[in-house]
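Here is a short note to read beside the structure. Keep the viewer open as you go through the points.

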Amino acid sequence: MRKLVLAFMLLTSPALAQVTAHSTNPLEGKADAIEAGRALFGKMNCAGCHAYDLTGGMGPDLTDGSWQYGAKPGEVYHTIAEGTPRGMPAWKDKMTVDEIWQVVAYIQSKKQ
Amino acid sequence: MRKILLVATLFCGAAIPANSQGDGKPNAAPSGGSFTGATANFAPNAPAGQWTQQARDYANTRYSPLTQINKQNVGRLRMAWSFSDGQMYGHEGAPLVVGDTMYLVTPFPNIAYALDLSKPGAPIKWVFQPNPDPRAIGKACCDKVLRGWSYADGKLIYNLLDNNTVAVDAKTGKEVWRVKLDDVTKGPTMTMSAFVVGERVYVANSGGEMGINGWFQALDVKDGHTVWKAFNNGPDQGMLIGSDFKPHYPWMVGKDLGVTTWPGEMWKQGASAAWGWVSYDPDLNAIYYGTSNPGPRTPSQRPGLNLWSAAVFARDATTGAAKWAYQFTPHDEWDYDGVNENVLIEIPWKGARRKVLVHFNRNGFAYTIDRTNGEVLVAKAFGHQNWAKEIDLKTGMPIVNEAAHPYVGKKVENICPPDIGVKNWNPSAFSPRTGLLYAGVFNSCMDLTNHIVQYIPSSPYDGMEMQRHAGPGGHWGEFIAWDPVQGKRMWSIKENLYVWSGAVVTGSDLVFYGTMDGWFRAVDARSGKVLWSQKLGSGITAAPMTFVGPDKRQYVAVYAGIGGGAGVLRREKGFMPGGNTLYVFSVDGMGIGNGTTQLISQAGAAAPVSVPPAAHN
């Protein structure tokens, strides 16, 4: 029964549907998700490379509207999950789907 | 009579420097004499017109005995030729000149060029493309730089960002050997200049912000194999600390301090990377280098002294055995790395002569240290700082100001200097004629909020959130002359932004340096009077050098390609676009590379097409 409930929850969780470049962020604009994303941005050391204000350092500025790997929420999700050839680490093994969407929501909230 | 008058006027000119800050006593030396009596050993005594190592000599003086360009004609310096290498990351190294060839290496992807100085236009002789692993791009903290390269044994030897050291045949441009020294996927990179003495190449890794465990090693010039390797943290054995190790201060004496001054096993991510300069004393057969900040940067997570971070090491050059060490900033709380250059000179001291090293630390104090035993003789502030009251010479310990301690989750305002220091890796120069050192310095402070961080391999182990602002006076930078015996400034020139270029000083008492807003300057080494300025196409964060061409003419060369740590000021007025051009100057711009007729280059190779790297700093 527990298992069933869990499976049901997973199935209905919007986050679990296959993420594609065109996926919208199910958590976009949600205050608690943005706050969770902010915390994760520090906890997972994103801030060490992109700065606590997201304006860049070792990694690029995430607030300037210029995206090498795509601006759409699904594309940003993909960059974070898979990493990039030039040293952005992959996070899919360290963060859940929901957590990555939370971080994307936080980045989206910071767009200038 | 006229002559005497002229001398008198010159002397007065020297005594009242046009740009003096007024914080140093007017010059007391007779014109033409030394202000301090300091001298240096210029081994390996390369021919005057050549430049075969980054600092020219083992002592790291960056002194050139050349005098063709002098105070009378320096105002006529014009560009003789230039060379753009196509790569957009920050340019930090100085070109080398050996015989009729100039050697350049770009920042990532670390392409090497040999240019033929004997032909019009200094055409390309050969190009070497090592193709380093691009994953290194995301691991290098402070841009994808290379601080220099070395020439030795008919080879050009340098580090690749992806932790390989490579040796290239200087005649053919073909790879002779390449050795992999670390794993880029775990966070380390290599950005320092390989340093060669005789049969040995000394190299170290970078990654003070990545929770790495710093090491330093000696490779064999012939095939690159590791002769010895010393870690900068951890048990004595791995650090090559044995019975020869005799630190001057008792708090640095004890067993396995590289373990016991850390909580648990935190030394394993304790950084202490030796990403700066190496110097060598042939009489003592000793090498000197410094270590970076400890990891993580948040100090409350690592109570203890955190040895051997933020320290200088003296080691036997042949065996690597540690002779002594001195920790500049015990339990560093502000990211004050100890990697800046150690300039080896001799000074008069209480009636005797002492072999010392002079070190401008990030923490704002310039140390004059007896390099035979690690005793600090002088430690005086060379710029604006407020984290420490002073360095207690009895204990060798700083006396820290309470107001400078950072806290987790709480902003502490106006700590000076910020992480970047009062000076960074940008190397100073020493003149035996004036007995002074010349250095680009920073005037700034930070508001600091710390965060608790967890160690996640290949991501920053950092935790410092800061806002940097200019220090008193509102200007970010200065260029200063320093008396290493008295520990005081002789003169200073204010600049809008950090002065993050290296310096070179010549036998005609000219000092050259560049600014982040693109000015390349020549200054009177005695008075600090600016004698020549030329605006270049990008900001200057590289070290200048000077050489004599096959035409027997003296040239001065510098890269304009702003980047590296200087990127922290990228939002300030005057910060310039990136660049990659080497500018070469001569009196009236004369040289083999120009004239009034159609000159034709006869190149030996074509440059690779440069692909602009991603637009991150």
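1. How many residues does the contact take from chain B, and how many from chain A? Chain B gives 25 and chain A gives 20. Contact here means heavy atoms within 4.5 Å.

2. A word on the source. This is a predicted model, where local features need pLDDT of at least 70, side-chain atom pairs count only at pLDDT 80 or more, and totals for chains, interfaces and linings use all residues. Residues are numbered from 1 along each chain as its sequence is written, chains are lettered from A and ligands numbered from 1 in the order in which they are written, and side-chain values use heavy atoms, with hydrogens and water left out.

3. Between chain B and chain A, about 1800 Å² is buried (accessible area, 1.4 Å probe, lost on putting the two parts together, summed over both). Carbon and sulfur atoms give 56% of that area.

4. The interface of chain B and chain A has one salt bridge (a side-chain nitrogen of Lys or Arg within 4 Å of a carboxyl oxygen of Asp or Glu). R571(B) and D61(A) form a salt bridge, with their closest N and O atoms 3.5 Å apart.

5. Now look inside chain B.

6. Strand β13 (residues 215-220) of chain B pairs with β14(B) over five bridges, antiparallel. There, W215(B) stands opposite F231(B).

Definitions and conventions
Pairing = 2+ DSSP bridges. Helix = DSSP H or I, 4+ residues; strand = E, 2+ residues; numbered from the N terminus.
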